[in-house]
Amino acid sequence: MAEQHNPAYDMFAADAASRGLGIELVEAGDGAAVARMRVTERMLNGHAIAHGGFVFLLADTAFALACNSRGPVTVAAGGEITFVRPARAGDLLTARATERTRYGRSGIYDVTVARDDGEVVAEFRGRSRSSASPPST
């Protein structure tokens, strides 16, 4: 992934929700992105594991960063997640988003969320829709 300034960095700078939860943008470019978040006690559900909504939010943030890394403005058209194993307080979760395909103004992205020990916590697939067709390459 190219380390460069692109529209994803500007979008993240304005993303109070993600930054407020401690999500960090590690890198974004060329239709891919990496974001991470430390699970806190406030993110735990009644089973003492990370609430799925927080895991989804991390995956969705990485997805948004990947699909906005080239411009134009792109939003989610849909997303789904499969929870594979739990995360607990103190775990550092890393979400790696990869563009699978773009067609016209639409795209499909896969995101893997893993704990700091490398174990996969969740798999996410997002569908995007951009405000304009991307430039042809």
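What follows is a list of stops, each with something to select.

This is a predicted model, where local features need pLDDT of at least 70, side-chain atom pairs count only at pLDDT 80 or more, and totals for chains, interfaces and linings use all residues. Residues are numbered from 1 along each chain as its sequence is written, and side-chain values use heavy atoms, with hydrogens and water left out.

**Stop 1: strand E2.** Select residues 32-38. Strands are DSSP runs of E, at least two residues, and helices are runs of H or I, at least four, numbered from the N terminus. E2 is largely enclosed by the rest of the structure, because 5 of its 7 residues are buried. Buried means under 20% relative accessible area (1.4 Å probe, protein chains only).

**Stop 2: its partners.** Strands pair if DSSP finds at least two bridges between them. Glu 27 stands opposite Val 34. At the hairpin, 2 residues lie between the strands, and Asp 30 has a positive phi near 55°.

**Stop 3: the core.** Which residues touch the most other members of the largest nonpolar core? Select Val 55, Leu 58, Leu 65, Leu 93, Val 111 and Val 113, out of 31 residues. H3 gives the most to this core, with 8 residues. A nonpolar core joins buried Ala, Val, Leu, Ile, Met, Phe, Trp, Tyr and Cys residues through side-chain atoms within 4.5 Å.

**Stop 4: Val 111.** Beyond four places in sequence, the contacts (heavy atoms within 4.5 Å) of Val 111 include Ala 59, Phe 63, Ala 95 and Phe 124.

Terms used. Buried < 20%, exposed > 50% of the residue type's maximum accessible area, 1.4 Å probe, protein only.
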